[in-house]
Amino acid sequence: VNMIQFLVTSGDDLAIGAVGACLEDPDQKVRDAASRILPKLSSEFDERLVNEVLLRASNMHAVVRKTMIQTLVTVSTKGAPIVVEALIKACHDFDASVKTLAVTELAKQVRRGNAAAVQAVGEQLGDSRTRVREAAAAALAGMATKADRQVIAKLVG
């Protein structure tokens, strides 16, 4: 994977597909390398990169879905609607580690008071797993407004 970055030019569709496929590799080191290289394949927001990463959103393996989230936020601009939408969906993942990462990254991507994001993260306050609830509470602290307190109260009440 590391050799690919030396062999391709920015925006090379074949390289984007090849490196994107490495996000699904069983070896964590390969996934990490692919995650580091993909943002280097374009100098600006490139929807091809984002879409290539999003192909892994429904992968059966949680480690691949986590890598998808980690990579997604590096190949896009902060707050890009396509990324925010994907992170909101990932907040409802069945795996706790994916869900925790999604709520944390979502809080970094949106402006304070984003209703859809507050709703998605607020729903995680009812999760049975402590670490998910803690991540959701921390994320809400950075993204919810005073007006959102009523929404949050309804979600946990």
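A polar contact is a pair of N or O atoms within 3.5 Å, of which, within protein, one must be able to donate a hydrogen and the other to accept it. In the structure considered here, which is a predicted model, such a contact is found at R56, where a polar atom of the side chain lies 3.2 Å from the backbone oxygen of G20. R56 itself is found in the loop between helix 4 (47-54) and helix 5 (62-72). With a relative accessibility of 4%, R56 counts as buried, because buried means under 20% relative accessible area. When residues up to four places away in sequence are not counted, R56 touches G20, A21, L23 and E24, and also V64, R65 and M68.

Attention then turns to the salt bridges, of which the count comes to nine. One of them joins the side chains of R48 and D13, with a distance of 2.5 Å from N to O. Since R48 lies in helix 4 and D13 in helix 2 (residues 13-21), the pair ties together parts that are 35 residues apart in sequence.

Another salt bridge is formed by K99 with D127, the closest N and O atoms being 2.9 Å apart. K99 lies in helix 7 (residues 96-109), whereas D127 lies in the loop between helix 8 (115-123) and helix 9 (130-143), so this pair ties together parts that are 28 residues apart in sequence. K99 is buried, with a relative accessible area of 8%, and D127, at 10% relative accessibility, also counts as buried. The side chain of D127 meets that of R129 in a salt bridge as well, again with 2.9 Å from N to O. R129, for its part, is partly exposed, with a relative accessible area of 28%.

The packing of helices was examined next. Two packed helices are described by the angle between their axes and the distance between the axes. For helix 7 and helix 9, the axes come within 8 Å and cross at roughly 5°. Helix 7 is therefore roughly parallel to helix 9, because angles under 35 degrees count as roughly parallel. On the side of helix 7, the contact is made by A96, S97, K99, T100, V103, T104 and A107, while helix 9 contributes R131, V132, A135, A136, A139 and M143. By class, the contact of helix 7 with helix 9 has eight nonpolar, three polar and two charged residues. K99, which is among the contact residues of helix 7, is also the partner of D127 in the salt bridge described above.

V83 is buried, with a relative accessible area of 0%. Leaving aside residues up to four places away in sequence, V83 touches L72, S76 and Q109. The C-alpha atoms of V83 and N51 are separated by 9.8 Å, although the two residues are 32 residues apart along the chain.

Key. Residues are numbered from 1 along each chain as its sequence is written. This is a predicted model: local features need pLDDT of at least 70, side-chain atom pairs count only at pLDDT 80 or more; totals for chains, interfaces and linings use all residues. Side-chain values use heavy atoms; hydrogens and water are left out. Helices (H or I, at least four residues) and strands (E, at least two) are DSSP runs, numbered from the N terminus. Buried means under 20% relative accessible area, exposed over 50%, partly exposed in between (1.4 Å probe, protein chains only). Contact means heavy atoms within 4.5 Å. A salt bridge is a side-chain nitrogen of Lys or Arg within 4 Å of a carboxyl oxygen of Asp or Glu. Axes are lines fitted to C-alpha atoms, for helices over the stretch in contact, and angles run from 0 to 180 degrees between N-to-C directions. Angles under 35 degrees count as roughly parallel, over 145 as roughly antiparallel, 65 to 115 as roughly perpendicular and the rest as oblique. Ala, Val, Leu, Ile, Met, Phe, Trp, Tyr, Cys and Pro count as nonpolar, Asp, Glu, Lys and Arg as charged, and the others, Gly among them, as polar.
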